[in-house]
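Please keep the sequence and the structure in view while reading.

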Amino acid sequence: MSVDVLTKIALFVPAFMAVTALCVCLQRRRARRHGEWKYLTPGPYFWLGLFAGLLITAVATLVVWGERVDRTSGLLFTSAFAGMTLFLAAQAMVEQVRWNSQRIERRTITGRTITMSWYELSRIGVEWTGYLWISSFDGPRLRFSTYDNGFDELALTIQRHLPTDLPPASPELSAEPLLAEARVRGRA
């Protein structure tokens, strides 16, 4: 390995760790309140991803415009990043998770609202994407990110409403380790 590569690694790793630490420090534990409802809001990792998408799209556009790459493949690459960035922006504007003392609601990117009363809560789990999900025995899953602002407050509310008299044979119902894993993943 050349010295130049080692120098780049030595500069990149601390910069990456500093950005990660900044995102962890800027994530709010408490949810935004409006009346009796509490809301999850996009966290710093989301905004960092949106900014990175904008930056990559802008640089790729300049590279294609300067004719430094093949126009067709450059436009395809630029369009893909622009599309992902627009999807992230639409997700921030449309998706919403809110809860109060009676129920929790999630509005999806398609505009569909999934509602569940707290007394229906029976299962909890963590997806491979890092999203935490809750559901009733027969209802759809309500998914939310552990990196959103207000997740800690929502996790405490879920823990308070989880039933304690369910059969121990179901691995999905071991709520405490899953919530602990989700909190660790959200605070990495």
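A salt bridge is counted here when a side-chain nitrogen of Lys or Arg lies within 4 Å of a carboxyl oxygen of Asp or Glu. The model is predicted: local features need a pLDDT of at least 70, side-chain atom pairs count only at pLDDT 80 or more, and totals for chains, interfaces and linings use all residues. Residues are numbered from 1 along each chain as its sequence is written, and side-chain values use heavy atoms, with hydrogens and water left out.

## Salt bridges

The structure holds 6 salt bridges. Arg103 forms one of them with Glu105, with the closest N and O atoms 2.9 Å apart. Glu105 also meets the side chain of Arg98 in a salt bridge, again listed at 2.9 Å from N to O. Burial is judged by relative accessible area: buried means under 20%, exposed over 50%, and partly exposed in between, with a 1.4 Å probe and protein chains only. Glu105 is buried because its relative accessible area is 11%, and Arg98 is buried too. Arg103, at 28% relative accessibility, counts as partly exposed.

Another salt bridge joins the side chains of Arg143 and Glu127 (3.0 Å, N to O). Arg143 belongs to strand β8 (residues 142–144) and Glu127 to the loop between β6 (123–126) and β7 (132–135), so this pair ties together parts that are 16 residues apart in sequence. Glu127 has a relative accessible area of 19% and is therefore buried, whereas Arg143 is partly exposed at 26%. Elsewhere, salt bridges that share partners join Arg33, Lys38 and Glu153 into one network.

## Overall architecture

The protein has 5 helices and 8 strands. These elements are DSSP runs numbered from the N terminus, helices being H or I with at least four residues and strands E with at least two. Their order from the N terminus is α-β-β-α-α-β-β-β-β-β-β-α-α.

Of the 188 residues in the protein, 34% are buried. A contact means heavy atoms within 4.5 Å. Among contacts between residues at least 6 apart in sequence, 54% join residues at least 24 apart. The protein exposes about 11700 Å², of which carbon and sulfur atoms supply 66%; accessible areas come from the Shrake-Rupley method with a 1.4 Å probe, and for residues only the protein chains shown count as cover.

## Helices

The expected span of a helix is 1.5 Å times one less than its number of residues. Helix α3 (residues 71–94) has 24 residues and reaches 34 Å from its first C-alpha to its last, close to the expected 34 Å. The buried residues of α3, namely Gly74, Thr78, Thr85 and Gln91, pack against α2 (44–65). Within α2, the buried residues include Phe46, Leu50, Gly53 and Thr57. Just after α2, Glu67 takes a positive phi of about 55°.

Helix α1 (residues 3–26) contains Ile9, which is partly exposed because its relative accessible area is 41%. Val5, Leu6, Ile9, Phe12, Val13, Phe16 and Met17 make a nonpolar surface patch of about 670 Å². Patch residues have over 30% relative accessible area and no salt bridge; like charges are joined within 9 Å and nonpolar side chains (Val, Leu, Ile, Met, Phe, Trp, Tyr) within 5 Å. In helix α4 (residues 151–161) lies Arg160, which counts as exposed because its relative accessibility is 58%. The C-alpha atoms of Arg160 and Trp118 are separated by 9.6 Å, although these residues are 42 apart along the chain.

## Strand pairs and hairpins

Two strands pair if DSSP finds at least two bridges between them. Strands β4 (residues 103–107) and β5 (residues 113–117) run antiparallel and are joined by 5 bridges, with Arg106 opposite Ile114 in β5. They form a hairpin with 5 residues between them, and Gly111 in the turn has a positive phi of about 95°.

Strands β6 and β7 are also antiparallel, with 4 bridges, and Val126 stands opposite Leu132 in β7. Their hairpin has 5 residues between the strands, with Gly130 in the turn at a positive phi of about 95°. Antiparallel β7 and β8 are joined by 3 bridges and form a hairpin with 6 residues between them; here Ile134 stands opposite Leu142 in β8. From β7, Leu132 and Ile134 point one way and Trp133 and Ser135 the other, and all are buried.
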